[in-house]
Amino acid sequence: MTQNHPKLPVDPYYEGVPEYMTQVYDWAYVNPRKAGWLDRNLVVRVLLFFNDQRLMRAYLEQIRPGDKVWQVAHVYGDLVQRAADRAGQDGRFVLTDITPVQIEHAERKLRDRPQAAVVRANAGNYRLESDDFNLICSFFLLHEVPDHLKRAIVDNMLSQVPPGGRAVFVDYHRPKPWQPIGWLLKWVNRALEPFAEALWNHEIRDYAQEADGFDWSKRTLFGGVYQVTTAKRKP
């Protein structure tokens with residue numbers, strides 16, 4: 001005789017979260033208790049080897065007052081508030097993320113900013129509410145996703161950039177041979193960030209199907225550990 005066991009309820013913090021995230025990044029982005037501890041400026045500073053303010057400035061410099069900005073994932077620390085403030089009340093700042101706990105954090109940070117909206121969505125297929133968003137940004141997202149999702153996210157971002165608009169990617173990069181941090185990162189990647197080293201071997205434009213429709217520029221920081229890559233759609 002077959003027994004029907006009751007279905008266990010799904011933890012709301014895990015419902016709809018991609019399997020690779022629960023397997024690889026539960027400790028960082030899915031588990032609400034751990035995420036609550038990590039969402040601090042000091043943690044961001046240590047993880048970025050004290051380059052956090054330098055990288056955030058490079059990111060924020062891309063945002064002009066009145067810009068309509070889509071940021072494709074939540075970021076720990078105070079970057080999302082600063083980005084929304086840069087767009088200002090004459091602009092628009094939409095932040096998306098796929099994990100419930102990151103949506104909670106983003107909503108708390110942005111609730112007093114009327115120009116900001118938080119949407120739970122997959123960066124690989126989310127479609128913006130209008131076609132006049134002139135800046136689409138990714139801050140340390142691509143290194144966290146498998147290669148097929150890197151392609152989906154980059155293509156989806158670029159497909160919604162209007163003529164003259166830009167996509168900006170701040171992320172990891174192949175360190176220069178003389179940069180000792182590279183050896184530490186190689187160990188960290190093998191242990192905790194299995195999708196990150198792909199950015200050592202591929203340019204971000206390699207993930208774009210329609211890369212030739214954009215003018216690409218890149219600068220690296222901290223001995224090549226980080227990159228700021230911009231894709232501006234050709235007129």
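Q: What follows helix 6, and is its phi positive or negative?
A: Helix 6 is followed by G88, which has a positive phi, near 75°. Helices here are DSSP runs of H or I with at least four residues, strands are DSSP runs of E with at least two, and both are numbered from the N terminus. The model is predicted: local features need pLDDT of at least 70, side-chain atom pairs count only at pLDDT 80 or more, and totals for chains, interfaces and linings use all residues. Residues are numbered from 1 along each chain as its sequence is written, and side-chain values use heavy atoms, with hydrogens and water left out.

Q: Which residues of helix 6 are called buried?
A: In helix 6 (residues 79–87), the buried residues are L79, V80, Q81, A83, A84 and A87. The term requires under 20% relative accessible area, while exposed requires over 50% and partly exposed lies in between (1.4 Å probe, protein chains only).

Q: What do the buried residues of helix 6 pack against?
A: Their partners are helix 5 (52–60), strand 1 (68–71), strand 2 (92–97), helix 7 (100–110), strand 3 (116–120) and strand 4 (135–139). Contact is assigned when heavy atoms lie within 4.5 Å.

Q: What makes the pair R108 and D39 a salt bridge?
A: A salt bridge requires a side-chain nitrogen of Lys or Arg within 4 Å of a carboxyl oxygen of Asp or Glu. For R108 and D39 the closest N and O atoms are 3.8 Å apart, and the pair qualifies. R108 lies in helix 7 and D39 in the loop between helix 3 (32–38) and helix 4, so the bridge ties together parts that are 69 residues apart in sequence. D39, R108 and K109 are linked in a network of salt bridges. By this rule the count comes to 14 salt bridges.

Q: Why can such side chains pair at all?
A: Side chains of opposite charge can pair when their charged atoms come close.

Q: How do you know whether R108 and D39 are buried or exposed?
A: R108 has 43% relative accessibility and therefore counts as partly exposed. D39, at 14%, counts as buried.

Q: Why are L42, V46 and F50 called a patch?
A: A patch joins residues with over 30% relative accessible area and no salt bridge: like charges within 9 Å, or nonpolar side chains (Val, Leu, Ile, Met, Phe, Trp, Tyr) within 5 Å. L42, V46 and F50 form such a nonpolar patch on the surface, with about 350 Å² of accessible area together. These areas come from the Shrake-Rupley method with a 1.4 Å probe; for residues, only the protein chains shown count as cover. L42 is found in helix 4 (residues 41–47). Its relative accessible area is 59%, so L42 is exposed.

Q: How do you know whether H148 is buried or exposed?
A: H148 has a relative accessible area of 52% and is therefore exposed. H148 is found in helix 8 (residues 147–159).
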